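Hi there,

Here is the structure we talked about, ready for you to open. Have a look at it first, and then read my notes below.

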Amino acid sequence: MDTATIRVTRYRPETGPEPFFQEYKVPYRNDMVVLDALNYIKANLDGSLTYRWSCRMGVCGSCGANVDGTPKLTCASFLHEFKGRTINVEPLPNFPVIKDLVVNMEDFMRKLVKIKPWIIREKETPPEQGEYQQSAEELERYQQFSSCINCMLCYSACPIYGLNEKFLGPAATALAYRYIEDSRDQGKNVRFPIVHEMEGVWECTLVGECSVVCPKGVDPMLAIQKTKILGATNALRSILMPRGGR
Amino acid sequence: MTEKTFPELRRKLTSGWWTSNRHYVQYMVREWTSLFVALFSLVYIYGLSLLATGSRSAFLNLLKSPAMIAFSFIALIFTLYHAVTWFYLLGQVVPVKIGKTTSKPWQALVANLVLLIIVSYLVIWLLVLR
């Protein structure tokens, strides 16, 4: 068995205001990930280490951390990839830290709700009349954007969000676009003002790192630019066409 | 009993944030090269104003000066870099779908470069060669 050196950020506000690093030596097999190492530390070396996790298989999105300087799911970062190096594990950047690796995600949660992530109908039809139907092509238009697991890695990778926390940000816009592109949805007029306000999509300057770090292959950068294009064409149409092109 | 709350740790991005990762550096270079596009335009507008006010020789001397030649060369390289990176991004953001195949970003880059060469040639032909 090899041994990995894990250097974890500790922030313990009850004992002091400054964060510090603590190093642990963890024996590991080839199939072990950074989350396994954190669990080993908590079970065997230091029970006070605090972090979030749940599914261990890249589905729940709760174990994100800055691993070796890059936002990653700790359950998807294999220890052997860092062989011979000290592995830095820090709380996700751009979010306030509550304790050790646990960040405050209130702001992100507020933004998720803000874009109204549900199907809006002008008039609901009763369930007896059947489902709102959709073709395979219509599904394909938004499917990748519905794979988001709300792990917030994209927000941690986004310097625009780091500089201005009012920015609506990658995941929330990707989700808004997912509903805007959904053929069953009729809420464009409700969502457009939200995504196009001052700190909405126009704040994005196309750094593109959100799409690089996404563990689920979602492309929030694309969703944001598509939303910009939709907004711009909509505005043009409302100016040039009679009755706003409706 | 109310729970005791502790302050959260707020971390600010430092001014050197973009040096932490290769992609951020590429982004910063892409954005800064636009400065040379703007600078070249300003210098050129100044040159044109010389020409418009009848100082043809002053305009030609400006164009011939070693500093202007050096600046134009640097501006050309940076403008090309800016154009290439944005053409590539264009292909990423607005892929063209023909039948069942979707265009790749490099195809948009090539198509736009070819278009740029054709349009530039047309302008040169209209203004100079004709």
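**Chain B**

In chain B, 37% of the contacts with a separation of 6 or more are between residues 24 or more positions apart; two residues are in contact if their C-beta atoms, placed from the backbone, lie within 7 Å. Before going on, please note that this is a predicted model, in which local features need pLDDT of at least 70 and side-chain atom pairs count only at pLDDT 80 or more, while totals for chains, interfaces and linings use all residues. Residues are numbered from 1 along each chain as its sequence is written, and chains are lettered from A and ligands numbered from 1 in the order in which they are written.

Chain B has four helices and two strands, following the pattern α-α-α-β-β-α along the sequence. Helices (H or I, at least four residues) and strands (E, at least two) are DSSP runs, numbered from the N terminus.

How does the radius of gyration of chain B compare with that of a compact globule of 130 residues? The globule would have a value near 14 Å, but chain B has 23 Å. This radius is taken over C-alpha atoms, and the globule rule is 2.2 Å times the number of residues to the power 0.38. The C-alpha trace of chain B spans about 85 × 45 × 25 Å along its principal axes.

**Where chain B meets chain A**

Chain B gives 15 residues to the contact and chain A gives 20 residues. On the side of chain B, α1 (22-52) and α3 (66-93) are the elements that give two or more residues. That side has nine nonpolar, three polar and three charged residues. Here Ala, Val, Leu, Ile, Met, Phe, Trp, Tyr, Cys and Pro count as nonpolar, Asp, Glu, Lys and Arg as charged, and the others, Gly among them, as polar.

**The sheet in chain A**

Which strands make up the open sheet of chain A, and in what order? Five strands line up as β2-β1-β5-β3-β4, with mixed pairing; two strands pair if DSSP finds at least two bridges between them. At the edges are β2 (20-28) and β4 (70-73) of chain A, each pairing on one side only.

Strand β1 (residues 2-10) of chain A runs parallel to β5 (residues 86-90) of chain A, joined by four bridges, and A:Val8 stands opposite A:Val89 in β5(A). Nine bridges join β1(A) to β2(A), and these two run antiparallel. Here A:Thr5 stands opposite A:Lys25 in β2(A).

**The two domains of chain A**

Chain A is divided into domain 1 (2-103) and domain 2 (106-245), with bounds from an automatic or database domain assignment. Their C-alpha centres lie 31 Å apart. Domain 1 gives 14 residues to the contact and domain 2 gives 12 residues. On the domain 1 side, β3 and β4 of chain A are the elements that give two or more residues, and the largest share, four residues, comes from β4(A).

Enjoy exploring!
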